[in-house]
Amino acid sequence: MLRGPPRLLKVSVAPVAALAVALLSSLSRCSLLEPDDPAASALSPYFGTKTRYEDANPGLLPDPEAPRRDPELLEDACTPVQLVALIRHGTRYPTAKQIRKLRQLHGLLQARPSGDGRAGPAGGRDLGAALADWPLWYADWMDGQLVEKGRQDMRQLALRLASLFPALFSLENYGRLHLVTSSKHRCVDSGAAFLQGLWEHYHPGLPPPDVADMECGPPRINDKLMRFFDHCEKFLTEVEKNATALYHVEAFKTGPEMQNILKKVAATLQVPVNNLNAGLSQFPLQSSCSLVTRRPFFHCSPSWATSKTRSP
């Protein structure tokens, strides 16, 4: 975006709409709790890239389609001529791999000895028992698919961008719009939802047609660009297939810090710490650490995105 001394920013070219929306394959925003839910306020800072837009920008709560602009972002002498946006896909389900690992962790909790009479910190039922009885409702078919909240994310984002840059998103520039995506279904679906949001901007009240029939055309799949890490020989050779490339990461996973985390999690769930490793004997120790510490996080964040209930 153009910034700087006004005398340097005057442009004479007509505004051109060239929007490259690159929808990357990874996790996204989460949580569909009510805005006044104290748990949402307390936990939202810990969800990182899985934080929903509303938690990162509370100004979206009263009107998620209204644009928010820093008054200094575009000065009067500036004329936007092009917009390139690199955008993540919308909220999605966990992947099949994550769901399988969640089931393994759930199985460990369900295998705990029953009737030990132990109480939780507040004198109630202990957390491990509550988690063991919690219905793990994820199914394999979900496998990272976009949920309706994710489609809504993309539609509303398109409406906000179109309102922020009306000259770029004018109807006559609509045919100049270019979307690029990876082949991941959640990314392709996010691109389609983005286009539907733009259709709503141009044609309020009219149902959008199929994206293939829109003037700008459907998102163009380009994995070599959007999933370059699967195609870059240097990365594949020196990092992905190099056992020593992540030495320090693996050393941390097996180091004393992670061992202390395992012990704390075991104490909280009231399971023997050895079970967290032995019960996952098909995985090396570092995978067990990852499973114990990251899987509850991966379960909790998408759960908020698809349901208004909270798991223990």
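Cys 216 counts as buried in this predicted model, at 15% relative accessibility. Buried here means under 20% relative accessible area, while exposed means over 50% and partly exposed is anything in between (1.4 Å probe, protein chains only). Cys 187 is also buried, with a relative accessible area of 0%. A disulfide is a covalent bond between the sulfur atoms of two cysteines. A search of the whole structure turns up zero of them, taking a disulfide to be a pair of cysteine sulfur atoms within 2.5 Å.

A quick word on the ground rules. Residues are numbered from 1 along each chain as its sequence is written, and side-chain values use heavy atoms, with hydrogens and water left out. Because this is a predicted model, local features need pLDDT of at least 70 and side-chain atom pairs count only at pLDDT 80 or more, whereas totals for chains, interfaces and linings use all residues.

The protein averages a pLDDT of 74, and 69% of the residues score at least 70. A contact means heavy atoms within 4.5 Å.

Now for the overall picture. The protein has 13 helices and four strands; these are DSSP runs numbered from the N terminus, with helices being H or I of at least four residues and strands being E of at least two. Of the 312 residues in the protein, 40% are buried. Among contacts with a separation of 6 or more, 78% come from residues 24 or more positions apart. The accessible surface comes to about 17,000 Å², and 57% of that belongs to carbon and sulfur atoms. Such areas come from the Shrake-Rupley method with a 1.4 Å probe, and for residues only the protein chains shown count as cover.

Next come the charged pairs. Side chains of opposite charge can pair when their charged atoms come close. The structure holds six salt bridges, each one a side-chain nitrogen of Lys or Arg within 4 Å of a carboxyl oxygen of Asp or Glu. One of them joins the side chains of Arg 155 and Glu 148, at 2.7 Å from N to O. Arg 155 is partly exposed, with a relative accessible area of 22%, and Glu 148 is partly exposed too, at 47%. Another salt bridge brings together Arg 151 and Asp 189, at 3.9 Å from N to O. This pair links distant parts of the chain, with Arg 151 in helix α6 (residues 148-164) and Asp 189 in helix α7 (residues 185-202), 38 residues apart. Arg 151 is partly exposed at 27%, and Asp 189 is partly exposed at 29%. A further salt bridge runs between Glu 250 and Lys 253, whose closest N and O atoms are 3.8 Å apart. Both of these residues lie in helix α10, three residues apart, or about one turn of the helix. Glu 250 counts as partly exposed at 28% relative accessibility, as does Lys 253 at 27%.

Back in helix α6 sits Gln 156, which counts as buried at 11% relative accessibility. Leaving aside residues up to four places away in sequence, Gln 156 touches Pro 64 and Glu 65. Gln 156 and Phe 194 are 38 residues apart in sequence, yet 7.9 Å apart in space, C-alpha to C-alpha.

In the loop between α5 (127-133) and α6 lies Asp 143. Most residues other than glycine have a negative phi. For Asp 143, though, phi is near 25°, a positive value in a residue other than glycine. Asp 143 is partly exposed, at 32% relative accessibility.

Leu 246 lies in the loop between α9 (233-240) and α10 (247-253), and Leu 246 is partly exposed, with a relative accessible area of 43%.

Technical notes. pLDDT is the predictor's confidence in each residue, from 0 to 100.
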